[in-house]
Every structure is written in structure tokens, then in C-alpha cells.
Amino acid sequence: MEKPNFRTEMLRTLEGKTPSQIPVGTFTTAPVLELMDVSGAARPEADSQPEKMAVLAFSQYVNASFETLRYPFDMVVLAEALGCTIDPGTKAKLPAVLKGSMEISPTVPELPEDLLERGRIPAVLKATEILREKAGSNLPLIVGMEGPADLAASLCGTTRFLKWTINKPHIVKRLVELCTDACIVYGRECLKRGADVVVIADAVSSPVMISPDAFRDLIKPGMSRIPKALGRGKSVLHICGAADPIIADMAECGFDGLSLEEGIKDLKSAVHTAHESGVVVIGSVSTSRTLFAGKPEDVKREAFECLGSGVDVLAPGCGIAPETPLRNLKALVEARNEFCGRNR
Ligand SMILES: [Zn+2]
């Protein structure tokens, strides 16, 4: 049987149309050690060298049979470009913020005019061009970045950011505006260079971090600007943890899809709420419990549950741990194949 065009299938799915089968892949980071070994592209080089970044992203398709090319593999590219000090990490350790730029100088910065030339942004843009060339029009390029609240928390320090949402909301508003603008400028350029989908991942927006009211008042207005500003490019919002109380708000932001993790208490009703707003749902197999620590049959069992709850794209719920076994990623694809074969 001829392989379907995975890019067309994914774009159709994100438009709310019915694909020939439910797509499977990842919208969250997937820097798996076994993929680094088989592809010959490992971090930390794959975090900053465009050719290696592209090879590691492509191995998600070649070696795990995922129908997505998701890159880069960490969540601090914008933070670094905005002046945060970064620990570059190792093969098994993701780059992370050591010190926020506002911890050194506490005023809310302006958006730098040369943002796109800063830090590793040029590397991600170059990797986008390489991947587009390599994938042609057959596979979707999914570029991820930290969302406005995550970026704000990186700039001023997470503890301070969380305190400010309570006692200095006016500063949070200004900071979130700046971070939203940074996401938009960077996201638009990624799309221009050939990316198909921009994923905004915002762990700090989760109800486990800030209250649903703080999300609505302080984050949602900026978040809602992003999909519109990305024009015809597709966009997906990922928020971690039990996001149940803000699903309707997330759906109202205007993204094409919501990426949800296993912390969601009622996936079926989250899917229902999203679908009512014409938004698709991506997820939600547990990365920490099942993909990382489970056996392939556990992955399949949970994948069937997600598919049974009505997810539109079968995917890991959150970022995949580097030590996750490759066989568990493949089990995700097998689960989709079995499910779709069974329901045909
Ligand atoms: Zn997450």
C-alpha cells in the first residue's frame, strides 16, 4: 500500500477534517538517546548545529515511524536569545536556564530588534530549511518553543514570577506582552522558512502553577494574539498537568490544536470541550509513567484509551525523557495501526 502523505494528513486533521487514518507522532520534545545513537546526531551538538538538529528530528520518522518532525529538543531557545544564562546540558540532559536576564537587571526589557540573530535562533531557522528540503511536502515540520508564561518565568525566575502574578500583576502583564511578541516574531520566521506548525508550550500556565483566574487575566490575552499573528500557519498550544479547569479558555485562544498530557483528569470531556470550539486534541500517553517506564503493551493499552477518548492525533502527553526506550515509541505507532485497522 502506498504511504499516505503525512503532511497533508496532519494539516487536514488540524483543520478539523477527517484524515484517512488518525496521525501519530509528537508535538512535544523527543530527544531520545537511542535515536541519537542510531542517527549519529546527539545533543548537545544537536541543540545548536542545524545539520545535526535536522538529522535527529528526521530520525523520529526514520527510526520511530513517527509522522511528525518535531524540533528543537529543548525549551530555552527564546530565553537564551533574550539574555538568560544557559547550561548547555549533555547528551542526556536538556539545556536549562541558569540565571534569568531580569535577575541580573530587574526592568522589563524591550524586544530586541535583532532577536532572530540571537543565540540559537539562527540554528533552528537553518534546521527548518534543511528539514523542509529533506522532507519535501511529505512530512509536517513541527517547531516548538516556550510560551509567554514559561519565557517570562525564565526571564525573572519562576518563584518571583509566581509571586508577581499575585502581588504585581501590572508587571506580569507587561512581561507577558513582551514574551508574546517574542513568540510571534520567532514563530512567523519559522513558518516563513518552511515550518508547518508552531507549538507553544507553556508549563507555567498550568493550574498546578497559577490559578485559572490568573491564566485568564494575565496570560490568555497575549496567548490569544499568537494564532492570529501566525496567519495561515498552524498552531498548537501545550499546557502541562491537570489543565481541566482552563480547557475552554485554551480552546478560545484560537489555536488549531491543544496538546494535553495524562495529568488531565477527564480526557473525554476535554476533547468534547475542544471540539465544541472547533479545536483538535493531541495526546496524551503518559511520558513519565508509560513511555519512560512501561512496556510496549502498557503503551498500547494507554494509547487505545486515548484513542477511545477521541484524541485527533495520538502522541506523547508531554516532553519525552531521553532514556525512553525506542520500542515504546514504536508501540505508539503500532497501537494507532491496530486501532485504525480495527475501526475501519
Ligand atoms: Zn507538558
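**Exercise 1.** Find which residues in helix 4 meet which residues in helix 7.

*Solution.* Start with the two elements: helix 4 spans residues 50-62 and helix 7 spans residues 121-135. Helices here are DSSP runs of H or I with at least four residues, and strands are runs of E with at least two, numbered from the N terminus. From helix 4 come Pro50, Glu51, Met53, Ala54, Ala57 and Phe58, which meet Ala123, Lys126, Ala127, Ile130, Leu131 and Lys134 of helix 7. Contact requires C-beta atoms, placed from the backbone, within 7 Å.

This is a predicted model, in which local features need pLDDT of at least 70 and side-chain atom pairs pLDDT 80 or more, while totals for chains, interfaces and linings use all residues. Residues are numbered from 1 along each chain as its sequence is written.

**Exercise 2.** Work out how helix 4 is oriented to helix 7.

*Solution.* First, take the geometry: the two pack at an angle of about 50°, with axes 8 Å apart. Therefore helix 4 is oblique to helix 7. For the cut-offs, angles under 35 degrees count as roughly parallel, over 145 as roughly antiparallel, 65 to 115 as roughly perpendicular and the rest as oblique.

**Exercise 3.** Which residues of helix 14 are buried, and where do they lie around the axis?

*Solution.* In helix 14 (residues 267-276), the buried ones are Leu267, Ala270, Val271 and Ala274. They cover an arc of only 100° around the axis, so they sit on the same side of helix 14. Buried means 20 or more other C-beta atoms within 10 Å of a residue's own (exposed: 12 or fewer; partly exposed: in between), with C-beta atoms placed from the backbone.

Terms used. Axes fitted to C-alpha atoms, helices over the stretch in contact; angles between N-to-C directions. Contact = placed C-beta atoms within 7 Å. Arc of directions from axis to C-beta.
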